[in-house]
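Thank you all for coming.

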Amino acid sequence: MIRQEEVYKIGRLGKAHGVKGEVSFQFDDDVFDRTDADYLILSIDGILIPFFMEEYRFRSDALALVKFCDIDTQERASELTGCDVFFPRALAEEDDTPTLTSLVGFDLVEAKGDKKVGTIAAIDDSTANVLFELEDGRLIPATDDLITDINTKERTIIMEIPDGLLEL
């Protein structure tokens with residue numbers, strides 16, 4: 001059984017495309033540029049299920065068309081519409097450079113005093129300044145200048161957080 005902490009969300013499936021079982025896949029992680037994988041993990045009714053890919057092709061920097069094995073009709077592909085898509089952390093971390101989206105779920109720890117600040121719930125990259133959104137709603141700049149260490153095994157990020165930022 002695949003556990004939630006073993007994967008991270010990379011996108012969502014859209015509508016079926018054509019009649020042979022392809023489905024559109026809106027993604028927000030460059031994992032395909034960094035590693036090869038034979039499968040993606042879909043969340044169906046809250047259960048994480050691996051789906052092996054026959055093929056995929058990019059339509060843009062954030063959209064691909066995916067053909068999964070044993071999904072051969074438009075009707076079967078339509079059943080997957082709206083499913084969240086996940087990627088195994090173990091495969092993504094093979095190159096030792098985690099992506100921003102793979103950091104969701106990591107604990108943020110203040111470098112001074114090793115105090116846990118919170119858990120990253122989302123990444124806000126809608127502006128030029130990327131932000132970690134914590135579970136309590138606070139926003140912390142996700143800049144390399146502040147990050148001192150990322151421990152993928154312990155799932156922690158050590159940051160030098162400027163004085164007063166946590167009180168905002």
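Before the fold itself, a word on terms: two strands are said to pair if DSSP finds at least two bridges between them, and strands themselves are DSSP runs of E with at least two residues, numbered from the N terminus. Please keep in mind that this is a predicted model, in which local features need pLDDT of at least 70 and side-chain atom pairs count only at pLDDT 80 or more, while totals for chains, interfaces and linings use all residues. Residues are numbered from 1 along each chain as its sequence is written, and side-chain values use heavy atoms, with hydrogens and water left out.

With that said, six strands close into a barrel, in the order β1-β2-β5-β4-β3-β6, and the pairing is antiparallel. Neighbouring strands of this sheet are turned against each other by 45° on average, direction ignored, where the axes are lines fitted to C-alpha atoms and angles run from 0 to 180 degrees between N-to-C directions.

Let me walk along some of these pairings. Strand β1, residues 7-17, is joined by five bridges to strand β2, residues 22-27, and the two run antiparallel; across this pairing, Leu-13 stands opposite Phe-25 in β2. β1 and β2 form a hairpin with four residues between them, and Gly-18 in the turn has a positive phi of about 75°. β1 also pairs with β6 in the antiparallel sense, over five bridges, and there Val-7 has Pro-88 in β6 as its bridge partner. Strand β6, residues 84-88, pairs in turn with strand β3, residues 39-44, again antiparallel, over three bridges, with Val-85 in β6 as the bridge partner of Leu-42.

Now to the aromatic rings. Rings of Phe, Tyr and Trp (its six-membered ring) pair if their centres lie within 6.5 Å, and planes under 30 degrees apart count as stacked, over 60 as edge-to-face and the rest as tilted. By this rule the count comes to six aromatic pairs. The pair of Phe-51 and Phe-68 is edge-to-face, because the ring centres are 5.6 Å apart and the planes stand at 65°. This pair links distant parts of the chain, since Phe-51 lies in strand β4 (residues 47-58) and Phe-68 in strand β5 (residues 63-68), 17 residues apart. Both Phe-51 and Phe-68 are buried, meaning under 20% relative accessible area, with exposed over 50% and partly exposed in between (1.4 Å probe, protein chains only).
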